[in-house]
Amino acid sequence: MASTSEELFGVSEQRLTQLRSRRKLKDQVARMGISVGGLGVILAICLIFFYLLYEVIPLFLPASLEEKSTLKQYSVESTYFVVLEEQGQVGLSIDKKKGPVFFDAQTGESLATADLPTDSNITAFSKDAPGKRAYALGFEDGTVLVQKPVYDIEYGENSKTVNPRMDYPLGEEPLQVLDGSPITHLAYRESDSSLRIIAADNAGRLFLKDFEKTESFLSDDVTLEEVDTIQLPSPSSAVSKMLLSLDQRWLFLVEKAGKVEVLDLRKDVAEMRVDITSVGSEGSKVTVAEFLLGGWSLLLGDDQGNISQWFVTYNDHQKPYLAKVRTLTLNEGVAITAIQTEHRRKGFIAGDAEGHIGLFNTTAAREVADVKVADKPIEWIAMSPRGNGAVFNVSGDAPYNYEIDNEHPEVSFQSLWQKVWYERYDEPTYTWQSSSASNDFEPKFSLMPLTFGTIKAAFYAMLIAMPLAICGAIYTAYFMAPALRTKVKPTIELMEALPTVILGFLAGLWLAPLVEANLAGITSILVLTPLFIILAAVIWSRLPADWRTRVPDGYVPVILIPVVVFAGWLSMTLSAPIELAFFDGSMRVWLSHDMGIDFDQRNSMVVGMAMGFAVIPTIFSITEDAIFAVPKGLTQGSLALGATPWQTMVRVVMPTASPGIFSALMIGLGRAVGETMIVLMATGNTPIMDMNIFEGLRTLSANIAVEMPEAEVASTHFRILFLSALVLFVFTFLVNTTAEIVRQRLREKYGSL
């Protein structure tokens, strides 16, 4: 007699047992594979996050100073200025009596002394920009001598030797600036074609002397020809220091009374004095004055421990004035005794009367390190051009040589996310400008314009994609004939396979010029297309019933295709006549001149159209599947109770499908936020903050794609690009997490329908 299994299935019990075992094994393998795959995805995301974090964390690590040696053999008693060469091995001290003295930066031992070609005593000193290394000495007989240290490097088998020597770029013969009077204060600047010297005599009078430089074709010899000599306006009180800006235009007279006079040397003598500003707080006194890198900003240290940054800018009436940009504090209530600016960054190092040393960065507006190196006042500070070492001289002690680790001082919350008053700007701004050809450049790493551009591009893309995709999905899933749906849905989903680089290429080289040339026509499409559709619907409803019944149910939208095409053609045809009739021949010019709205060819409208086209398939496909998956029993029950198809859609189908629709929107938003190639090619890549739909933008992803190949590895710029990637990652993660939470709540709320 056959077994029960054989009677029912025609299979033996043993065979069924084998099939069950195989099925169980397959289930276990599938379960394990799915689990491993899911965990692998989570692990990959975590690894991406931690790698980004690994590259970003060094940006926020504090700077450090570590003592290397004491310069016990240093013998220079009084100095004007001390500086270290590139390698940090040799220092140059400008002795007030002997002149330049080279010394070993590790031991302080004197290496060489450059003999001065004059017997007159040194009475004044002025330095040029840090990168030029040159400086000028003023003498008791009214002459000025320009010197420049040169460091020759010899490489041995396992060693490197720096041999210092002194060069005279303008000749060894001192220049006569004052007629026999001692120079008490001196300021000078040198350019490729000119030399400007400003000297003060013992009577407080100021004299400006300009020279024109001519370089020999056969050698490096420079010939100077005196151009002009001018007596400048006398200062209102005794001057403690004179500083001349990099462009030789602005002369700053730091007065002992706590004021700074600003002279515009391009004006006539009677009109040169443009501003007199009190730079100290009540009761404070300026103790140190130096230029920040570039020679535009003044750094003024006072006896209250404050260091303020000032530079010339213009008010609303285009009148120049000396503006206080920011104030940094080393040790409150303790006088600043020394300031030395960095040679390649907008930072400086300061010392006070209690032996504190502070590292500061002006762009980031923060103190990156504060170390107490002694209990006595810091007399002077010498910093290496690379910013990785410094020598501090403490009153009564031998100088100390310190190693500095200060890789990323430009980064702070304020410099990344708040407005910053950058050098030579009229007001604080959000600005991204990461590189320049000059070391005097102040890097601007504000992420706000890039974040704003990312959100702006996504907003306009979703503004176009969301209504078209959702409305199209509703009609396709619920109203369209099944036979037509099988053709429409795959066609729209195929749009997602188009490479975004092709869409960006078409948007930048075809769509953007088309929109610019036919701006009135593009605007007319938004008006005429809905009107023509409504008109077509009215005409269709008035047609005889037997005509309308010839079109199968669900195929009516096919009739709208020629209507939409005709509306677009008519709008583009009428573009030129509309511009002639209403906008004086050009809607773009009318927007710019009459309305004050800036117009760029590659703008947010073009990005919205191109990126919206790319996002539509994603939102459409998921939304259509969610609506089509609503149980037919729900719709049939609603219709059976007397509801119309539209009421059923709004009150039954849409709430039930809302979790899927919301997921579609969030996935589309994530696609828009992370899009790179379209925004890279279809915008002007201008990092500005303006909601104007006719202006360009720059997104985080496009900025990474543009600048990462040229960023120096491990530099501040390089790591900030990783920070922007981390911001994009976290933003997408938060959006997706929020979307999942909302989706689950919608499912719980409408799951009982």
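## A charge over tyrosine 80

The charged end of lysine 96 sits over the ring of tyrosine 80, 5.5 Å from its centre (NZ of Lys or CZ of Arg within 6 Å of the ring centre and within 35 degrees of the ring normal). Lysine 444 is placed over the face of tyrosine 422, at 5.4 Å from the ring centre.

This is a predicted model, in which local features need pLDDT of at least 70, side-chain atom pairs count only at pLDDT 80 or more, and totals for chains, interfaces and linings use all residues. Residues are numbered from 1 along each chain as its sequence is written, and side-chain values use heavy atoms, without hydrogens and water.

Strand β2 (residues 79–84) has 5 of its 6 residues buried, so the rest of the structure largely encloses it (buried: under 20% relative accessible area, 1.4 Å probe, protein chains only). Strands are DSSP runs (E, at least two residues), numbered from the N terminus.

β2 runs antiparallel to strand β3 (residues 90–95), joined by 5 bridges (pairing requires at least two DSSP bridges). Threonine 79 has aspartate 95 of β3 as its bridge partner. The two strands form a hairpin with 5 residues between them, and glycine 88 in the turn has a positive phi of about 75°.

## Aromatic contacts

The structure holds 24 aromatic pairs (Phe, Tyr or Trp ring centres within 6.5 Å, using the six-membered ring of Trp; planes under 30 degrees apart are stacked, over 60 edge-to-face, the rest tilted). Phenylalanine 81 and phenylalanine 125 are stacked, at 5.7 Å centre to centre and 25° between the planes. Phenylalanine 81 belongs to β2 and phenylalanine 125 to strand β6 (residues 122–127), so this pair ties together parts 44 residues apart in sequence.

Tyr80, Phe81, Phe125 and Tyr135 form one aromatic cluster. Tyrosine 135 is buried, at 2% relative accessibility.

Definitions and conventions
Buried < 20%, exposed > 50% of the residue type's maximum accessible area, 1.4 Å probe, protein only. Helix = DSSP H or I, 4+ residues; strand = E, 2+ residues; numbered from the N terminus.
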